[in-house]
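Here are my notes for your first pass through this entry. Please keep the viewer open as you read.

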Amino acid sequence: MTRQTWTVPGTGAAGGTAEGVAGRSRILEVDALRGFALVGILAVNLLTTAGPPGARGGLAAVHAADGAVVWAVDLLAQSKFYLLFSFLFGYSFTLQMDSAARAGASFVPRMSRRLAGLLVLGFAHAVLLYCGDILMMYALIGLVLLAARNAGAVSAWRAALWVFGAAGGLLLLTGLAASLLDPGEPAGSATEKAELTAAYRGGFADVVGANLRALPDLLAAVPLMGGFVAAAFLVGFAAGRRQWLGAAALADRARLGRIFLTGLAVGVPGALFSAAGLAGPLSERWTLLGLAVGMVTAPALSAAYAAGLLLWFGTRRGAAAARVLAPAGRMALTNYLTQSLVMALVFSGYGLGLYGRTGAAAAVGGALVLYVGQLALSGWLMRRYRLGPVEWLLRTVTLGVRPGSS
């Protein structure tokens, strides 16, 4: 294969690269944010891939540290990182609009093909590897951005607030009602978990069958969870319109510092309550409310993560770390799917069959090893190519021709 030399607009949530706007050079820090977010996505997905779902986790309690690891993942990662990817998806949407304009191409057919490609990839991902796929939701909610492509930054920001308010308010009311009524564990849940465990420890057909049966639940989550994704898309779109991640904005360290401190002030208390409800010590009647509070306050902590990292990237050591993280962010879609493939081969019955048999500490430790390996491999690949393999495929679908052929 010859080395590729083209530049590619980012896919935002699921990988790609950040193309310059009006001749601006690539934004290394944005790629680094994606690269960092991959480890949070991996940790969260791991806990649902490695064992049956449950209020207190489905992983075996092998070590005393297992409970602390689950609690830490709920505190630091749950609901935070997919929002960061969603924000970057919306931001990159504006870059792709500019790319199409510079090429003299019609944007709507391009983006329609891209979203269709994500939908197909997401369906295959959900059925074959991981039933908690996010790509299908991104493809469907991406239609909101397509419809709002001519909106201004202020209109997009206001729409994001309305969508977030509606989704957050509904989720908080549902969680509050659940905590007051205390319905307890649903009848038959133990049987369902046993059936799920048997399926995921079975053969390939058993695993695919279980994933297919989970698809209705995945689609049912779109109206509620999709509200948070749509809001993040719209905020990212407004940020792209205003170039909030441009060189001038990144140089405004005082502004980044205010975002960082405000995000911590709002996000940390919400994350603490959420972790206490999801993993204890609060009783299970607080689980749904804990999840709701965590999701509503997650954008604040996501913003704090992003601002804190951007501040750090402005230092000597932080800049070195950004150069390590950025290649993984440039091929984030490939890395995201590869994570699911490795987890499927480790935990499902068509692999090692460790579903529900390993502790959280060992599983997350293994995930960190995988992530370090992805950083190294991504750096090696991105020194030789401009695209990861799945990014190349999605780019081909987007343009309707093989990249570099025209």
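1. Basis. This is a predicted model, where local features need pLDDT of at least 70, side-chain atom pairs count only at pLDDT 80 or more, and totals for chains, interfaces and linings use all residues. Residues are numbered from 1 along each chain as its sequence is written, and side-chain values use heavy atoms, with hydrogens and water left out.

2. Whole chain. The protein chain has 16 helices and zero strands. Helices (H or I, at least four residues) and strands (E, at least two) are DSSP runs, numbered from the N terminus. Of the 406 residues, 52% count as buried. Buried means under 20% relative accessible area, exposed over 50%, and partly exposed in between (1.4 Å probe, protein chains only). Among contacts (heavy atoms within 4.5 Å) between residues at least 6 apart in sequence, 82% join residues at least 24 apart.

3. Helix α6. It covers residues 153–181, and its end C-alpha atoms are 42 Å apart. That agrees with the 42 Å that its 29 residues should span at 1.5 Å a residue. The expected span is 1.5 Å times one less than the number of residues. Buried residues of α6 include Ala153, Ala160, Gly168 and Gly175. The buried residues of α6 pack against α9 (222–242) and α12 (287–313).

4. α6 with α9. The two axes come within 8 Å and cross at roughly 160 degrees. Axes are lines fitted to C-alpha atoms, for helices over the stretch in contact, with angles from 0 to 180 degrees between N-to-C directions. The helices are therefore roughly antiparallel to each other, a label for angles over 145 degrees. Trp157 and Phe164 of α6 are among the residues making the contact, as are Phe228 and Arg241 of α9. The residues of this contact divide into 19 nonpolar, two polar and two charged. Here Ala, Val, Leu, Ile, Met, Phe, Trp, Tyr, Cys and Pro count as nonpolar, Asp, Glu, Lys and Arg as charged, and the others, Gly among them, as polar.

5. Helix α4. With 22 residues, α4 reaches 31 Å from its first C-alpha to its last, close to the expected 32 Å. Its buried residues include Phe107, Arg110, Arg114 and His125. They pack against α3, α5, α8, α14 and α16.

6. Leu128. Is Leu128 buried or partly exposed? Leu128 lies in α4 (residues 107–128) and is partly exposed, with a relative accessible area of 38%. Not counting residues up to four places away in sequence, Leu128 touches Phe204, Val208, Asn211 and Tyr350.

Notes: Angles under 35 degrees count as roughly parallel, over 145 as roughly antiparallel, 65 to 115 as roughly perpendicular and the rest as oblique.
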